[in-house]
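Good morning, and thank you for coming. Please look at the sequence and the structure as they are shown, and I will then take you through them.

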2 protein chains.
Amino acid sequence: MRDEVLRRIHTREWKPGDQIPKEVELAEELGCARATVNRALRELAAEGFLDRRRKAGTRVATHPVRRAKLDIPVIRLEIEGRGQKYAYGLLYSERRTPPPEICTNLGVTPDNDMLHITSLHLADGKPYMFEERWVSVAATPQIADADLSKISANEWLVLHAPYTKGDISFSAVLASDTEARILRTHKDAPLFLIERTTWEGENGITSARLLFAPGYRMHSAI
Amino acid sequence: MRDEVLRRIHTREWKPGDQIPKEVELAEELGCARATVNRALRELAAEGFLDRRRKAGTRVATHPVRRAKLDIPVIRLEIEGRGQKYAYGLLYSERRTPPPEICTNLGVTPDNDMLHITSLHLADGKPYMFEERWVSVAATPQIADADLSKISANEWLVLHAPYTKGDISFSAVLASDTEARILRTHKDAPLFLIERTTWEGENGITSARLLFAPGYRMHSAI
């Protein structure tokens, strides 16, 4: 069913913008249950091939938006998944007053009790990612008792502080002096940066900058 | 249903690794149809909150993999969606022998008839993205007749050569002399690079390098 609809879109038997037959007609023509047709069309709409409008019916998308799915695993599992040996070093962990941009990201005030943690993740003994993170102790009080020299804040949070929503952004930046020293590269090397902020309901939990060593590539299928 | 399952995971009433009740038991307890339970659990498994194994039943994921969805629109729509004015300039378009890495990406031989296209996309008159693209004329013969000074290869391909699968990767690179001149920045500026290769079945269609001007950030919700 799904394959047949895709075939018609790809061969341009159904052109961009065309209205497609009604579900009940497709079900009859292709000899399958209407529920099957409905599910296939909903999936293809979610993937951007079709536009479904309540009154206007279903049309072939004029500009299909392709959707890539990015898996965001715990960094240890990402490295082990590449067949490399994972190691982790805590650089420091301190209760500190959060800077204004972190307060904005998390929607907290500067008097919020926050933990500032920096750490280095290594793959086969080489720096892989430098993590700088702020965690709201108010939102996740148990982190005050965690031994962050043994387990990374990244992994601890995944296990103990599930979140309901988050923002993620990706960009390219130049290594600062400090970042270059930590990642064992040179100043002004090109670094892939992931910034993540997560909330549990309305409570900001954590905001992190993940800086990857030069050469990092993030992959996905579309 | 879905919210109740998420609540139990988030409050750790169901802990990572715990086996959860059978679908029929959950349906009875929560007073909803078994099909509803089944759909909610399948969705939560797809989102990485649950592990479903045929024989071992359904467990709370020990390391939830969060999945970000990235929408990949036509670049014109991305710029217009930011409320900016889109402009496009074709730099050149030539039939050329593809270099070895493009042959590898697309699974074609060097005698494949290919079009090499470079172009610049602008937002509010400023360079936004520099596109360097190879298109297999063998796989999409109509492109030979397209006026690529009027419509970008990016948009033409979306409209005329839908694909069935693709690879996408993201990284950070330094601007070369030429790239810096085209993007009106300086050599060694940090650039966000998207590399995309798409196929229709087994036929490689196109392989592109999309280099974004400094400051570009790609966003998503998780």
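I shall speak about the interface between the chains, then about a strand and a helix, and finally about salt bridges.

This is a predicted model, in which local features need pLDDT of at least 70 and side-chain atom pairs count only at pLDDT 80 or more, while totals for chains, interfaces and linings use all residues. Residues are numbered from 1 along each chain as its sequence is written, chains are lettered from A and ligands numbered from 1 in the order in which they are written, and side-chain values use heavy atoms, with hydrogens and water left out.

Let me begin with the interface. Taking contact as heavy atoms within 4.5 Å, 53 residues of chain B touch 53 residues of chain A. The two chains bury about 4500 Å² between them, 59% of it on carbon and sulfur atoms; buried area is the accessible area (1.4 Å probe) that two parts lose on being put together, summed over both. In chain B, the residues that lose the most area to chain A are His63(B), Arg66(B) and Ile222(B), together 15% of what that side buries.

How many salt bridges are there between chain B and chain A? The count is 2, where a salt bridge is a side-chain nitrogen of Lys or Arg within 4 Å of a carboxyl oxygen of Asp or Glu. Glu195(B) and Arg217(A) meet in such a bridge, at 2.4 Å from N to O. Several elements give two or more residues to the side of chain B that touches chain A, including helix H1 (2-10), helix H3 (34-46) and strand E7 (165-174) of chain B. Helices (H or I, at least four residues) and strands (E, at least two) are DSSP runs, numbered from the N terminus. E7(B) provides the largest share of that side, 10 residues.

I turn now to strand E3. Strand E3 (residues 66-72) of chain A pairs with E3(B) in the antiparallel sense over 7 bridges; two strands pair if DSSP finds at least two bridges between them. Lys69(A) stands opposite Lys69(B), and Arg66(A) has Ile72(B) as its bridge partner.

Helix H6 (residues 153-160) of chain A is mostly covered, with 6 of its 8 residues buried. Among them are Trp156(A) and Leu159(A). The buried residues of H6(A) pack against several elements of chain A, including helix H4 (75-81) and strand E9 (203-212).

Finally, the salt bridges: over all chains, the whole structure holds 28. In one of them, the closest N and O atoms of Glu179(A) and Arg209(A) are 3.3 Å apart. Glu179(A) lies in helix H7 (residues 177-182) of chain A and Arg209(A) in strand E9 of chain A, so the pair ties together parts 30 residues apart in sequence. Glu179(A) is buried, with a relative accessible area of 12%, while Arg209(A) is partly exposed at 27%.

In chain B, Arg209(B) and Glu179(B) also form a salt bridge, with their closest N and O atoms 3.3 Å apart.

Conventions:
Buried means under 20% relative accessible area, exposed over 50%, partly exposed in between (1.4 Å probe, protein chains only).
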